[in-house]
Structure formats: C-alpha cells, structure tokens
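Hello,

Please find the structure below. My notes on it follow.

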Amino acid sequence: MNKEVMAMDYLQNFDASGKIEEITAWIREWFDENGPKASAVVGISGGKDSTIVAALLTRALGKERVVGVLMPDGEQKDIDDSKKVVELLGIKNYVVNIHPAVAGLYEAIGNAKVTDPFSSEDEKTGEDSKNALSKDSMINTPPRIRMATLYAIAQSLPNGGRVANTCNRSEDYVGYSTKYGDAAGDFSPCSDFTVTEMRLIGDALGLPAELIHKTPSDGLSGMSDEDKLGFTYDELDRYIFTGVLEDEDKKKKIDHLHAINLHKLRLMPMYKNNLI
C-alpha cells in the first residue's frame with residue numbers, strides 16, 4: 001500500500017470525536033501540572049483554529065476558566081465572527097484594539113535616533129532620515145503585539161493565566177506564523193493536526209460551518225492565506241501526508257518554505273558550557 005492510499009484511508013477513517021476526547025484529556029492533564037486554578041487565555045480571530053482551540057478549552061476546563069481576547073488592529077472586517085465565537089461558548093472576553101500600540105511602535109522606530117559608524121556622510125545628512133520598516137516587519141509586528149497583549153491579560157487574572165497557541169501542523173510546516181507572535185504560547189493543543197484534520201475536528205465539535213470552513217486569512221495583509229502561500233491547504237496537506245505533488249513549482253516552494261522556517265519550530269539554540 002503506497003503512502004497516498006494510506007493517507008486517504010487515514011483521513012476517511014479519521015476519528016475526530018476520539019481525537020476530541022484525547023485533546024480534552026491532554027489539556028486537563030497539562031493544567032493539572034502547570035496551573036490547577038489558572039485560566040486558559042486564547043486570542044479569538046474568528047477563524048477555524050482559534051475557534052476550535054477555544055471550544056476544546058471550554059470543554060476541558062469549563063467556560064468559567066477560559067478567557068477569549070479579541071484584538072482588532074483598528075477596524076477588523078470579520079470582528080462579528082470573533083464575537084460570535086465568544087457568545088457561542090459563553091466565555092469571558094476582552095476586546096483590545098491594538099492599533100494605538102502598533103502605530104505608536106511604528107512611529108517610535110521611525111523617529112529613533114540611529115548612530116551608524118558605517119554609513120556615508122550623504123546617508124547621514126539625507127532628507128529621508130526616517131527609519132523605514134520593511135513590509136514583512138509591518139505585517140509581523142501586530143501579531144507580536146497581540147501575543148504581548150495575551151500575556152499581559154494572563155498575568156493579570158486572579159489565578160493567573162496560561163496562553164494557548166492556536167497554530168496547526170500545515171501552517172507550521174511552511175512557517176506560516178509569526179515567531180514570538182501567533183507561533184508563541186504556553187501550550188499547543190492542535191499544532192500536530194493539519195488543516196484537513198482541524199476542519200474534521202471543528203465539524204465534530206458542532207461548530208458553525210461558516211467559521212470552520214471560511215476562507216483563511218491572517219486579517220493583516222488583505223490577502224487569503226492560500227493567495228499569499230501560492231498553493232492550497234488541500235495541496236499542502238496531501239504533500240505532508242504523502243510526499244506527492246504533481247506541480248513541481250509548488251513542491252519546490254513548499255520544500256523551500258519548510259527548510260527556511262524550521263527555526264520557528266525548534267527550541268532556541270543554546271551554547272552549552274560543559275562544567276562538571
């Protein structure tokens with residue numbers, strides 16, 4: 001039996017209800033060891049991953065120990081989806097508009113005094129003295145501010161809080177996350193499940209189809225995930241499971257993204273001082 005047939009057989013027989021029970025038990029065990037009275041804090045984007053994670057947390061800990069945080073950057077077009085999630089689950093929630101913090105940081109960096117002994121005199125005295133942030137930097141800064149927001153709220157709760165990571169295996173495989181942004185967290189219930197599996201879990205949880213099957217987007221760049229990546233999650237998941245992808249250009253892109261983003265999945269390298 002080849003890998004593709006095995007993968008199809010696995011997905012056709014995927015026991016989403018059984019996995020829900022396993023994840024729920026794992027969450028309870030993790031909190032028993034790492035915060036028996038602590039709340040779970042989760043950012044609510046209105047997309048499938050944060051919706052599913054929030055639902056699993058509520059199932060595992062009870063709605064009184066789950067805190068959802070909605071974090072629009074100014075205006076969020078699908079903010080109603082985020083509100084629908086917390087209302088559906090009946091959990092305490094905060095709405096924190098991160099735009100002033102994002103704009104303030106951009107301005108502070110732009111106005112920062114820079115001493116560069118290697119720049120030319122023309123560069124030092126040029127009219128454009130602002131420090132220009134790259135496009136990628138401006139895309140990744142809001143997720144990092146969001147994560148800082150989650151930790152600030154978690155550390156302010158009466159019994160403390162533990163921040164949930166909401167990444168999935170497909171996104172992690174190609175590095176579609178922000179290091180120290182949405183890639184961070186104290187525990188990760190779903191990062192070993194692909195998008196295909198997450199959709200099956202979301203359906204088994206009885207969550208609204210319009211949330212679980214909505215077109216995924218980071219809500220920051222104005223593009224869908226698949227538009228940005230250049231391939232679909234169905235193609236990516238098939239490649240993860242089987243190693244098969246007929247489109248050679250897409251295969252090369254996935255391999256490249258996987259290789260250059262592995263650092264996001266590994267612990268920080270540490271020099272070992274070999275003492276006795």
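**Salt bridges**

Asp234 and Arg199 form a salt bridge, with their closest N and O atoms 3.5 Å apart. Keep in mind that this is a predicted model. The pair ties together distant parts of the chain: Asp234 sits in helix α12 (residues 233-242) and Arg199 in helix α9, 35 residues apart. Arg199 has a relative accessibility of 19%, so it counts as buried, the cut-off being under 20%.

Thr196 also belongs to helix α9. Setting aside neighbours within four places in sequence, Thr196 is in contact with Leu11, Asp234 and Asp237.

- Lys48 and Asp49 meet through their side chains in a salt bridge, at 3.7 Å from N to O. Lys48 has 8% relative accessibility and therefore counts as buried. Asp49 has 9%, so it counts as buried too.
- Asp255 and Lys251 form a salt bridge, the closest N and O atoms being 3.3 Å apart. Both residues lie in helix α13 (residues 248-260). They are four residues apart, about one turn of the helix. Asp255 is partly exposed, with a relative accessible area of 30%. Lys251 is partly exposed as well, at 22%.
- Asp78, Asp81 and Lys214 are linked in a network of salt bridges.

**The sheet**

Four strands form an open sheet. Their order is β3-β2-β1-β4, and the pairing is parallel. Which strands are at the edges? They are β3 and β4, each of which pairs on one side only. Neighbouring strands of this sheet are turned by 25° against each other on average, with direction ignored.

Helix α7 (residues 135-154) packs on the sheet. This helix touches β1, β2, β3 and β4. The direction of α7 makes about 160° with that of β4.

Now to one pair of strands. Strand β2 (residues 66-70) and strand β3 (residues 92-95) run parallel and are joined by four bridges. Val69 has Tyr94 in β3 as its bridge partner. For Leu70, the bridge partner in β3 is Val95. The two strands also belong to a β-α-β unit: β2, helix α4 (residues 79-89) and β3. That unit is right-handed.

**Helix α2**

Does the length of this helix agree or disagree with what its residue count predicts? Helix α2 covers residues 16-34, which is 19 residues. At 1.5 Å a residue, counted over one less than the number of residues, α2 should span 27 Å. The end C-alpha atoms of α2 are 26 Å apart, which agrees.

Which residues of α2 are buried? They are Ala16, Gly18, Ile20, Ile23, Thr24, Ile27, Trp30 and Phe31. And what covers them? The cover includes two strands of the sheet, β1 (39-43) and β4 (161-163). It also includes helices α3 (48-61) and α9 (195-204).

Just after α2, Gly35 takes a positive phi of about 155°.

**The chain as a whole**

The secondary structure of the protein chain comes to 13 helices and four strands. The chain has 276 residues, and buried residues make up 42% of them. Along its principal axes, the C-alpha trace spans about 65 × 60 × 50 Å.

How much of the contact set links residues 24 or more positions apart? Among contacts with a separation of 6 or more, such pairs account for 74%.

Best regards

Technical notes. Residues are numbered from 1 along each chain as its sequence is written. This is a predicted model: local features need pLDDT of at least 70, side-chain atom pairs count only at pLDDT 80 or more; totals for chains, interfaces and linings use all residues. Side-chain values use heavy atoms; hydrogens and water are left out. Buried means under 20% relative accessible area, exposed over 50%, partly exposed in between (1.4 Å probe, protein chains only). Contact means heavy atoms within 4.5 Å. Two strands pair if DSSP finds at least two bridges between them. A crossover is right-handed if, with the strands pointing away from the viewer, the path from the first strand over the helix to the second runs clockwise. Axes are lines fitted to C-alpha atoms, for helices over the stretch in contact, and angles run from 0 to 180 degrees between N-to-C directions. A salt bridge is a side-chain nitrogen of Lys or Arg within 4 Å of a carboxyl oxygen of Asp or Glu.
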